[in-house]
2 protein chains.
Amino acid sequence: MIITSSEIIKMESRYRANLFNTLSGYKSANLIGTISEDNITNLAIFNSVIHLGAHPPLMGFILRPTTVERHTYDNIKTAGYYTFNHVNENIIEKAHQTSAKYDRQISEFKACGLTEEFNQNFKAPFVAESIIKIGLKFKEEILIPSNNTILMVGEIQLVQIEEELIEEDGSIDLSKAKTITISGLDTYLRAEKLIKLSYARP
Amino acid sequence: MIITSSEIIKMESRYRANLFNTLSGYKSANLIGTISEDNITNLAIFNSVIHLGAHPPLMGFILRPTTVERHTYDNIKTAGYYTFNHVNENIIEKAHQTSAKYDRQISEFKACGLTEEFNQNFKAPFVAESIIKIGLKFKEEILIPSNNTILMVGEIQLVQIEEELIEEDGSIDLSKAKTITISGLDTYLRAEKLIKLSYARP
């Protein structure tokens, strides 16, 4: 089946959202932890966290201009620090629940049954139930003019992980860490290793 | 275990690359198909393809300033069109092999044993062996000043997919399509659905 531009334009909006949210393939699943000027913590699930570079260690995520995500944005801008916490098999439902539109005065940590944790004097809350936790310092925001979304760029300051999850070559065994992957907006999957290949040469 | 900034700086460069390439979580696996002004086709695997929006339907990918990826970049800039082709379980080794540094005069399609396909008069080659194929028109490139990588933004013009892979709500069943996911630079995994959750409300 071929779907063309003229058919895309005519699609019902929810159908189109589901189609294009699954079309890019599997995505990462991270909870972003932040804290407001009034010391109210915030937690929100994102499927748009990406690797940007290892030297310096940079990660990004895409922000859409919605109410829920706006709390995350405001807190990052005022505090300057935030956390990424991998969603694992044991906390899928709680993690998904953070996508609900809670009032700014309510912390999703409490509302969704996840435990906030302040480690190493880091100025943003981690998720105690996460097995892989990352502390970031905000670097820059980049507007994507095509649809007014924003790429938020941060530098990794701190990684909290069990030592046995890191292989000899530095790779993290994500399956062992029970990290899950997301398809679209609402489907959570476990990944099973098929093969690890060596550096390719012509 | 806590890994701090001062430890990150001291890491051996390959170890650091593996650590941070796996730290963001699972990634999509796509072959990007392009064609040069001299009509030489090019194919390269990318683990950085992301969803940017459904209306208009936009996808992005991150380009690092390396030799291999430069062919993809040049071709997109001159032709204006390119394709994303999901990597599936049957073509993992061939897809991975496209990451080798082939000369500009050599098409990775032939060199890696994949079949180029020109459909619907689209001005870039698709991968015949891919089950999900996407044709894009180049929209804009956005520099990420923090590390001089580039976010390439394209608008979806055409989707080629079997009808039975699309669920009633528009979502694609990626497991059924045998689409695989990547961890880091070299580990390929199959994903197995755990749960699909409904829209969350407070």
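Rings of Phe, Tyr and Trp (its six-membered ring) pair if their centres lie within 6.5 Å; planes under 30 degrees apart count as stacked, over 60 as edge-to-face and the rest as tilted. Ring pairs of this kind link A:F46, A:F61, A:Y82 and A:F84 into a cluster. The model is predicted: local features need pLDDT of at least 70, side-chain atom pairs count only at pLDDT 80 or more, and totals for chains, interfaces and linings use all residues. Residues are numbered from 1 along each chain as its sequence is written, chains are lettered from A and ligands numbered from 1 in the order in which they are written, and side-chain values use heavy atoms, with hydrogens and water left out.

Stay with the rings. Over all chains, the whole structure holds twelve aromatic pairs. In one of them, the ring centres of A:F61 and A:F84 are 5.9 Å apart and the planes stand at 85°, so the pair is edge-to-face. A:F61 lies in strand β5 of chain A and A:F84 in strand β6 (residues 81-86) of chain A, so the pair ties together parts that are 23 residues apart in sequence. Strands (E, at least two residues) and helices (H or I, at least four) are DSSP runs, numbered from the N terminus. Both A:F61 and A:F84 are buried. Buried means under 20% relative accessible area, exposed over 50%, and partly exposed in between (1.4 Å probe, protein chains only). In chain B, B:Y82 and B:F84 also form an edge-to-face pair, with 5.6 Å centre to centre and 70° between the planes. B:Y82 and B:F84 are buried too.

Two strands pair if DSSP finds at least two bridges between them. Four bridges join β4(A) to β5(A) (residues 57-63), and the two run antiparallel. A:H51 stands opposite A:M59 in β5(A). The peptide bond that joins A:H55 and A:P56 is cis, with omega about 5°. Chain B has a cis bond between B:H55 and B:P56, again with omega about 5°. B:P56 sits in the loop between β4 and β5 (57-63) of chain B. Five of the five residues of β4(A) are buried, so this strand is largely enclosed by the rest of the structure.

A cavity is a set of points on a 1 Å grid over the protein atoms alone where a 1.4 Å probe fits but cannot get out; lining residues have an atom within 4 Å of a point. There are five cavities of 30 Å³ or more. Of its 24 lining residues, the closest to the centre are A:K27, A:V49, A:I50, B:V49 and B:I50. The elements that give two or more residues to this lining are β4 (50-54) of chain A and β4 (50-54) of chain B.

β11(A) and β12(A) (residues 187-196) pair over three bridges. Here A:S183 stands opposite A:T187.

Definitions and conventions. On a 1 Å grid over the protein atoms alone, a cavity is a set of points where a 1.4 Å probe fits but cannot get out, and a pocket is an open set with protein on both sides within 12 Å along at least five of seven lines; lining residues have an atom within 4 Å of a point. Grid points are joined across faces, edges and corners, and a volume is the space filled by probe spheres set on the points.
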